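Here are some notes for a first look at this structure. Please read them with the model open.

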Amino acid sequence: MSGGSEERGPLRLPRTRRYTLYVISIGVFATGALWLIYHYFMGKEGPFGIQKHPLEVVWLQTHGIISAWALWMFGVLWPIHVLRGWNMRWRRWSGGAVTAAIFLLGVTGLGLYYIESREIREMNSIVHWVIGLIVLVLFFIHWLSKSTPHRDKGPYPWPWFRKRHPVGGEKA
Ligand code: HEM
Ligand code: HEM
């Protein structure tokens with residue numbers, strides 16, 4: 001049954017969870033991208049300099065709200081998708097890259113709330129949205145990846161860990 005659904009177990013996301021993930025991901029990406037468009041291209045020259053488009057703040061608020069939901073979704077995936085996939089050495093590079101990017105988005109997202117220095121906040125903002133744009137590409141690479149589990153190496157990569165947690169008939 002190599003590669004069969006039984007063996008794959010819960011790594012394959014159940015349909016509801018998969019759709020919830022898609023909706024949240026599209027939401028967080030779209031609102032971030034819309035903020036970028038409205039912030040950089042939709043401002044109008046007013047009597048007191050550039051005037052923000054009224055929708056700019058709406059996209060930011062919506063983004064902030066959905067981003068909390070996105071981190072919750074990431075927590076839902078962590079134990080049964082991320083850790084299990086990682087330990088099976090299955091789509092490890094692409095999944096690891098998406099995971100690292102989400103982690104950085106979370107950290108720089110908090111930076112946007114709490115950094116007081118104008119210059120550092122500005123830099124943090126650019127790092128945040130550049131990673132935000134890159135994560136879409138990483139996600140597609142992960143999604144379309146054809147990598148198969150490296151069963152020959154066992155589900156756990158570290159020999160000392162495999163000794164402590166023997167699986168599939170491996171002798172401790
Ligand atoms: C180290 C981290 C990760 C690893 C090792 C990993 C591994 C995998 C594997 C092995 C599959 C194929 C499952 C199958 O076809 O049965 C998969 C599919 C998928 N992964 Fe990941 N993943 C990781 C992180 C993530 C993250 C953070 C997300 C989302 C934010 C994600 C979203 C998905 C999606 C949407 C699919 C396609 C699901 C499907 O077709 O049912 N993965 N991943
Ligand atoms: C899980 C992923 C993400 C989290 C946790 C997150 C979190 C946040 C937070 C907390 C803010 C600050 C909101 C506020 O000031 O009210 C923010 C702003 C922003 N995010 Fe994200 N975000 C994520 C993904 C993305 C993505 C994928 C993009 C790319 C399109 C993006 C682009 C932006 C932009 C452009 C801003 C406004 C920057 C600024 O105010 O200078 N974010 N994000």
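1. Helices (H or I, at least four residues) and strands (E, at least two) are DSSP runs, numbered from the N terminus. H4 supplies the largest share of the shell around ligand 1, six residues.

2. The model is predicted: local features need pLDDT of at least 70, side-chain atom pairs count only at pLDDT 80 or more, and totals for chains, interfaces and linings use all residues. Residues are numbered from 1 along each chain as its sequence is written, while chains are lettered from A and ligands numbered from 1 in the order in which they are written.

3. Ligand 1 has 21 residues around it (C-beta atom, placed from the backbone, within 6 Å). Arg-12, Gly-85, Trp-90, Arg-91 and Gly-95 come nearest. H2, H3, H4 and H5 each supply at least two residues of this shell. By class, the shell has ten nonpolar, six polar and five charged residues. Here Ala, Val, Leu, Ile, Met, Phe, Trp, Tyr, Cys and Pro count as nonpolar, Asp, Glu, Lys and Arg as charged, and the others, Gly among them, as polar.

4. Ligand 2 is surrounded by 24 residues. Gly-32, Ser-67, Gly-109, Ser-125 and Gly-132 are the closest. At least two residues each come from H2 (15-41), H3, H4 and H5 (118-144). The shell around ligand 2 has 15 nonpolar, nine polar and no charged residues.

5. How do H3 and H4 pack? H3 (residues 54-87) and H4 (residues 92-114) pack at an angle of about 150°, with axes 11 Å apart. Axes are lines fitted to C-alpha atoms, for helices over the stretch in contact, and angles run from 0 to 180 degrees between N-to-C directions.
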